[in-house]
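I opened this structure to look up a few things and write them down. The entries follow in the order I took them.

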Amino acid sequence: MEVRELIEKLNDKYPLDLQEEWDNSGLQIGNINDELDNILISLDLEDEGVDFAIKNNCNLIITHHPYLFNGIKSINLTDSFYNRLKKVIKNDIVVFAMHTNLDIANDGLNDNLCEILNIQKRKVLEIDKEIGLGRYGFINPIKACEFAKNVKEQLSAEKLICYGDMDKTIKKVAVCGGSGSSLFEDATKRDCDLMITGDVSYHMGMDYSNRGLSIIDAGHFASENHVIYKLQDVISKMTNREIFTYSKGDSFRTFI
């Protein structure tokens with residue numbers, strides 16, 4: 001099997017044309033006509049992950065976040081960003097990203113988040129879209145503070161930041177892995193009791209909690225990292241190659 005063949009199968013399930021206009025999902029670097037060896041799945045492309053891939057004979061790294069977002073005008077190999085690319089190229093590794101197409105697609109990141117948190121009867125959160133970002137659905141009635149404890153445990157989150165009334169009983173819950181504050185208005189219009197996401201700003205948290213939406217900021221990492229294990233399961237049904245996952249955790253941040 002060539003790398004290209006696996007990418008085609010993934011594109012059938014999580015079409016790249018679903019990605020947002022600003023996104024850069026897809027091939028980041030490498031030759032997709034190479035014969036596929038082993039596979040590494042990671043949230044981000046980091047030095048430790050590349051070293052892990054080399055050690056385990058992985059010539060395809062699948063990340064959630066694209067490594068290349070902005071136009072490159074100069075390649076300075078004293079910079080760790082470009083030195084990482086050099087290491088990837090020297091070791092004939094293909095890097096492929098599935099970002100907002102994975103967020104949006106059925107059975108993707110946000111559906112998996114709902115599965116983990118047992119959110120039932122889920123639908124697309126974005127208003128007036130049959131296929132879009134975020135999901136909302138229903139849980140058994142529970143106090144928001146108790147539900148937050150479950151979120152922290154199930155997502156292995158180091159810390160939660162909660163906004164709004166956490167003593168109220170909730171039933172209708174919205175989710176958007178990563179940075180989902182732009183969907184607070186959609187969650188409010190859909191009369192959701194609570195929304196789970198990451199990267200919530202002070203003012204967004206204040207404004208929407210004042211409008212009655214309780215919010216759990218589980219962190220960008222914790223709200224998305226679960227998808228690498230989902231992809232491992234999906235890809236295991238597409239190829240007999242060995243599939244590894246790599247995560248060094250939310251390690252560049254320290255909670256004191």
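Entry 1, salt bridges. I looked up Asp47 first: this residue is partly exposed, at a relative accessible area of 26%. The model is a predicted one. The side chain of Asp47 meets that of Arg84 in a salt bridge, 3.0 Å from N to O. I noted that Asp47 sits in helix α2 (residues 47-55) and Arg84 in helix α3, so the pair links distant parts of the chain, 37 residues apart. Is Arg84 buried or exposed? Arg84 is buried, because its relative accessible area is 14% and the cut-off for buried is under 20%. I also took down the total for the structure, which is 16 salt bridges.

Which residues are linked with Asp111 in a network of salt bridges? I found Glu115, Arg122 and Arg135 in that network. For the bridge from Asp111 to Arg122, the closest N and O atoms are 3.0 Å apart. This pair links distant parts of the chain, with Asp111 in helix α5 (residues 109-116) and Arg122 in strand β5 (residues 120-124), 11 residues apart. In the bridge between Asp111 and Arg135, the closest N and O atoms are 3.0 Å apart. Arg135 lies in strand β6 (residues 135-143) and Asp111 in helix α5, so this bridge ties together parts that are 24 residues apart in sequence. I then checked accessibility. Asp111 counts as buried at 8%, Arg135 is buried at 3%, and Arg122 counts as partly exposed at 29%.

I looked up the UniProt record, an unreviewed entry, which lists His65, Asp103, His220 and Glu224 under "binding site".

I took His65 next. His65 is placed in the loop between β3 (58-63) and α3 (80-90), and this residue is buried at a relative accessible area of 15%. Beyond neighbours within four places in sequence, I found His65 in contact with Leu43, Asp44, Ala97, His99, His220 and Glu224.

Asp103 is in helix α4 (residues 100-104) and is buried, at 6% relative accessible area. With neighbours within four places left aside, the contacts of Asp103 include His64, Arg135 and Glu224.

I looked up residues 194-198 and found five of the five residues of β9 buried. Which way do they point? Leu194, Ile196 and Gly198 point one way, Met195 and Thr197 the other.

I then followed the neighbouring strands. Strand β8 (residues 169-179) pairs with β9 in the parallel sense over four bridges, and Val175 stands opposite Ile196. From β8 the chain crosses through helix α7 (residues 184-189) to β9, in a right-handed β-α-β crossover. Strand β10 (residues 214-217) runs parallel to β9 and is joined to this strand by four bridges, and Asp217 in β10 stands opposite Thr197. The chain passes from β9 through helix α8 (residues 202-210) to β10, and this β-α-β crossover is right-handed.

Methods: Residues numbered from 1 in each chain as written. Predicted model: local features only at pLDDT ≥ 70, side-chain atom pairs only at ≥ 80, totals over all residues. Heavy atoms only, no water. UniProt positions renumbered as here; feature names shortened; annotations may be inferred. Helix = DSSP H or I, 4+ residues; strand = E, 2+ residues; numbered from the N terminus. Buried < 20%, exposed > 50% of the residue type's maximum accessible area, 1.4 Å probe, protein only. Contact = heavy atoms within 4.5 Å. Pairing = 2+ DSSP bridges. Right-handed = clockwise from strand over helix to strand, strands pointing away. Salt bridge = Lys/Arg side-chain N within 4 Å of Asp/Glu carboxyl O.
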